[in-house]
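Subject: Structure handover

Hi,

Here is the structure I promised to pass on. Please open it beside this email. My notes follow below.

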Amino acid sequence: LDCTLRDGGYYNSWDFNESMVNKYLLTMSRAKIDIVEIGFRFLPQKKLLGKFAYSEDDYLNTLSLPSKISYAVMINASDLINYEDGIERAIKNLFSKKKDSPIDIVRIAAHSSDVKDCHTIAIALTNLGYRVFLNLMQISTLDVKSIANIAKDLESWDCIDTFYFADSLGNMEPELVSSVISTISSNW
């Protein structure tokens, strides 16, 4: 279930009050939540966005981050794939080595058309020491064969810890969810 600061940021441009964030994190720790996706990690934008659109290590280190939680950020695969200086340079601009970061997990949000290029992203992040999750968006638009092929590809990479799928369009009925889960679990 994705109900995070990152997702809530769509309503306030990721400009959360620091006191509220610290209270939220304390509550998540007390509730024994394992992972908190604290925000996005966007490349620099021209429009004004709050600190949790970038979730930079220097800023995150100023927060009261409970130690029993693993912290995650989400990146949009298409932003890195389309970066004018290439994927590797985009990653270098966004991430240091895990040992120097409060972030434990990077979740890559990707459309099916971008999944192949996510391999380069996933390998680079794994080499930096991060756990890597892949979030396949708009899965309801894909047929079973496409989902199976993507799951097989991700399995062969051997660097994706968790494979998410998202009901991005809000139209997945329980039967479709069951079918997607069955297809993924048979191939990944």
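What percentage of the 188 residues in the protein is buried? Buried residues make up 45% of them. Buried means under 20% relative accessible area, exposed means over 50%, and partly exposed lies in between, with a 1.4 Å probe and protein chains only.

Two points on the source. This is a predicted model, so local features need pLDDT of at least 70 and side-chain atom pairs count only at pLDDT 80 or more, while totals for chains, interfaces and linings use all residues. Residues are numbered from 1 along each chain as its sequence is written, and side-chain values use heavy atoms, with hydrogens and water left out.

Overall build

The protein has 8 helices and 5 strands. These are DSSP runs, numbered from the N terminus: helices are H or I with at least four residues, strands are E with at least two. From the N terminus on, the order is α-α-β-α-β-α-α-β-α-β-α-β-α. The radius of gyration is 17 Å, close to the 16 Å that the globule rule gives for 188 residues, so the protein is as compact as a globular protein of that length. That radius is taken over C-alpha atoms, and the rule is 2.2 Å times the number of residues to the power 0.38. The C-alpha trace spans about 45 × 40 × 30 Å along its principal axes.

Contact means heavy atoms within 4.5 Å. Of the contacts with a separation of 6 or more, 74% are between residues 24 or more positions apart.

Cysteines

How many disulfides does a search of the whole structure find? The search finds 0. A disulfide is a pair of cysteine sulfur atoms within 2.5 Å. For C118, the closest cysteine sulfur is in C159, 10 Å away, which is too far for a bond. For C159, the closest is in turn that of C118, at 10 Å. C118 is buried, at 0% relative accessibility. C159 is buried as well, with a relative accessible area of 8%.

A122 sits in helix α6, residues 115-127. A122 is buried, at 0% relative accessibility. Leaving aside neighbours within four places in sequence, A122 is in contact with I108, V132, C159 and I160. A122 and I108 are 14 residues apart along the chain, and their C-alpha atoms are separated by 8.1 Å.

I69 is in the loop between α3 (57-60) and β2 (70-76). Is I69 buried or exposed? I69 is buried, with a relative accessible area of 6%. Beyond its neighbours within four places in sequence, I69 is in contact with L25, M28, S29, I33, D34, I35, V36 and D104. S96 is 27 residues from I69 in sequence and 20 Å from it in space, C-alpha to C-alpha.

Loops to look at

Most residues other than glycine have a negative phi. S13 is not a glycine, yet it has a positive phi of about 55 degrees. S13 lies in the loop between α1 (5-8) and α2 (18-30). S13 is partly exposed, with a relative accessible area of 34%. Q138 also has a positive phi of about 55 degrees without being a glycine. Q138 lies in the loop between β4 (131-136) and α7 (144-157). Q138 is partly exposed, at 27%.

N17 is in the loop between α1 and α2. N17 counts as partly exposed, at 48% relative accessibility. N17 and F133 are 116 residues apart along the chain, with 27 Å between their C-alpha atoms.

L48 is in the loop between β1 (35-40) and α3. L48 counts as exposed, at 79% relative accessibility. L48 and S13 are 35 residues apart along the chain, and their C-alpha atoms are separated by 8.0 Å.

A pocket

The second largest pocket has a volume of about 170 Å³. A pocket here is an open set of points on a 1 Å grid over the protein atoms alone, where a 1.4 Å probe fits, with protein on both sides within 12 Å along at least five of seven lines. Points are joined across faces, edges and corners, and the volume is the space filled by probe spheres set on them. Which residues line this pocket? They are R41, F42, L43, P44, Y54, E56, D57, N93 and L94, where lining means having an atom within 4 Å of a point. The lining divides into 5 nonpolar, 1 polar and 3 charged residues. Ala, Val, Leu, Ile, Met, Phe, Trp, Tyr, Cys and Pro count as nonpolar, Asp, Glu, Lys and Arg as charged, and the others, Gly among them, as polar.

Best wishes
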